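Subject: Structure handover

Hi there,

Here is the structure I promised to pass on. Have a look at it first, and then read on for my notes.

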Amino acid sequence: MIHGIVNIYKEKGYTSHDVVAKLRGILGQKKIGHTGTLDPEAEGVLPVCLGAGTKLCDMLTDKNKTYRAVLLLGQTTDTQDTTGEILTKNEVRVSEQEICDAAAGFVGEYAQIPPMYSALKVNGKKLYELAREGKTVERKPRRVKVFEIRIEEIHLPRVTMTVTCSKGTYIRTLCQDLGEKLGCGGCMEQLTRTRVGIFTIEESLKLSQVEELMKNGKISQAVHTVDAMFPSYPAYQTLPEADRMLYNGNMLLPGQVRLLSSKEVCASSLDQTEGMVRMYDSKEHFCGIYVYRAEKDCYQPEKMFLTLS
C-alpha cells in the first residue's frame with residue numbers, strides 16, 4: 001500500500017469523488033481520501049491522501065487556500081455561478097476603482113451565508129439535494145476570513161481576481177456578494193484553485209500523469225511523505241529500547257528519545273518547550289506526531305501514522 005499525499009490537478013468535469021475513484025483504480029488500493037471538495041466545473045489543486053496519509057485529511061482541509069476566479073458582473077443565478085439558472089440581469093455601470101474598493105471591503109473576517117448548492121448538511125441532508133428539490137432553507141452565516149483579494153484584470157463585465165482565504169470560504173458566494181455590493185449583481189464564471197497549504201498548482205499532476213508514473217514504476221516521485229507535512233515540527237527518534245513503546249502509542253520520557261539529526265528540525269528544537277514533534281523510531285521510520293507536556297515532562301501521542309506492518 002502507498003502511504004502519503006499526491007498533489008492532483010483536478011480537471012473540469014470531474015467531481016472530487018471521481019478523482020478518488022479513478023485513483024483507486026490507477027493505484028490499486030482502496031484507502032484513499034480527498035481533502036476538500038472542488039465543484040465539477042472548477043479545476044486545480046486537490047491534495048489526495050493515500051493509506052496512512054488519510055489520517056491527514058481533516059488537517060489538510062483546515063489549510064488556507066488560494067483561488068483564481070473570474071467574476072461575471074451584471075448577472076445572478078440560483079447556483080451563484082454560470083452553470084445555474086439566470087435569476088436577474090442588469091447593466092454594468094461601475095468603474096475600475098469602484099470594483100477595487102468593493103473587493104477591498106471583503107478583506108478580513110466576514111459573515112458569509114453558505115450557498116444552497118453546497119455539500120453542507122441540514123438535518124442530515126445535503127443542501128444541494130434540497131435545492132434540486134426546489135427547496136430553500138435558512139442558513140446561518142459563517143465567519144470566514146479573506147486574507148487577500150488581488151484584482152488581476154478588468155474587462156467588463158468580467159473581473160479576474162486572485163483570492164487567498166480560510167477554509168470554508170465559498171468563492172461563488174464571494175462573487176455574488178461582491179456583485180451585490182456593486183449594485184449590479186454578479187456570479188462566478190470560472191474557478192481555479194492554485195494553492196492548498198504547501199501544495200501549488202505548478203507541482204500538481206493530472207490523473208493521466210499519475211497513471212503514467214504508476215505504469216513506469218515511478219509513482220514514488222508523485223507521493224509526498226506524511227512527515228513532510230510537518231516541516232516546522234522538531235524531529236525526534238526513540239532509543240532502540242523504547243521502540244516498542246512508540247509502536248504501541250505509549251507516552252515517552254525525555255530519556256527515551258533524542259533529536260534526529262538526519263531530519264530537518266526547527267532552530268528551537270534543542271530547547272524544546274511544550275509543542276508538537278515528529279516522532280521516529282530508532283531506525284528512522286516515521287511513526288507519528290507527539291506533543292511534549294512540560295507539566296508531566298513527557299511526550300504524549302497526538303496522532304499515529306504507523307506503517308511498519
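Strand β4 (residues 65-73) pairs with β11 in the antiparallel sense, over 8 bridges. Two strands count as paired here if DSSP finds at least two bridges between them, and the elements themselves are DSSP runs numbered from the N terminus: helices are H or I with at least four residues, strands are E with at least two. Within this pairing, Val70 has Thr160 of β11 as its bridge partner.

A word on the source: this is a predicted model, in which local features need pLDDT of at least 70 and side-chain atom pairs count only at pLDDT 80 or more, while totals for chains, interfaces and linings use all residues. Residues are numbered from 1 along each chain as its sequence is written, and side-chain values use heavy atoms, with hydrogens and water left out.

Back to β11, which also runs antiparallel to β10, again with 8 bridges joining the two. β10 and β11 form a hairpin with 2 residues between them, and His155 stands opposite Arg158 of β11. How much of β11 is buried? Of its 8 residues, 7 are buried, so the strand is largely enclosed by the rest of the structure. For burial I use relative accessible area: buried is under 20%, exposed is over 50%, and partly exposed is in between (1.4 Å probe, protein chains only).

Now the charged pairs. A salt bridge here is a side-chain nitrogen of Lys or Arg within 4 Å of a carboxyl oxygen of Asp or Glu, and by this rule the count comes to 6. Three of them may be handy as places to start looking:

- Glu189 and Arg158 form a salt bridge, with 2.7 Å between the closest N and O atoms. The pair links distant parts of the chain, since Glu189 is in strand β12 (residues 186-196) and Arg158 in strand β11 (residues 158-165), 31 residues apart. Glu189 is partly exposed at a relative accessible area of 29%, and Arg158 counts as partly exposed at 38%.
- Glu152 meets Arg150 in a salt bridge at 3.1 Å, N to O. Glu152 counts as partly exposed at 37% relative accessibility, and Arg150 does so at 38%. Salt bridges that share partners join Glu148, Arg150 and Glu152 into one network.
- Glu109 forms a salt bridge with Arg143, and their closest N and O atoms are 3.6 Å apart. Glu109 lies in strand β7 (residues 108-112) and Arg143 in strand β10 (residues 142-155), so this pair ties together parts that are 34 residues apart in sequence. Glu109 counts as exposed at 54% relative accessibility, as does Arg143 at 57%.

Next, an open sheet. Its 5 strands come in the order β16-β15-β17-β18-β19, with mixed pairing. The edge strands are β16 (257-259) and β19 (298-304), each of which pairs on one side only. On average, neighbouring strands of this sheet are turned by 40° against each other, direction ignored; the axes are lines fitted to C-alpha atoms (for helices over the stretch in contact), and angles run from 0 to 180 degrees between N-to-C directions. Inside the sheet, β17 (residues 275-280) and β18 (residues 286-293) run antiparallel and are joined by 6 bridges. Met279 stands opposite Gly288 in β18.

Then there is helix α6 (residues 207-215), whose buried residues are Leu207, Val210 and Leu213. Seen down the axis of α6, these residues fall within an arc of 120°, so they line one face of the helix; the arc is that of the directions from the helix axis to the C-beta atoms. Their cover includes β1 (4-10) and α1 (16-27). After α6 comes Gly217, whose phi is positive, near 70°.

Finally, the overall figures. The protein has 7 helices and 19 strands, and its C-alpha trace spans about 75 × 45 × 40 Å along its principal axes. Buried residues make up 48% of its 309 residues. Of the contacts (heavy atoms within 4.5 Å) with a separation of 6 or more, 65% are between residues 24 or more positions apart.

Best wishes
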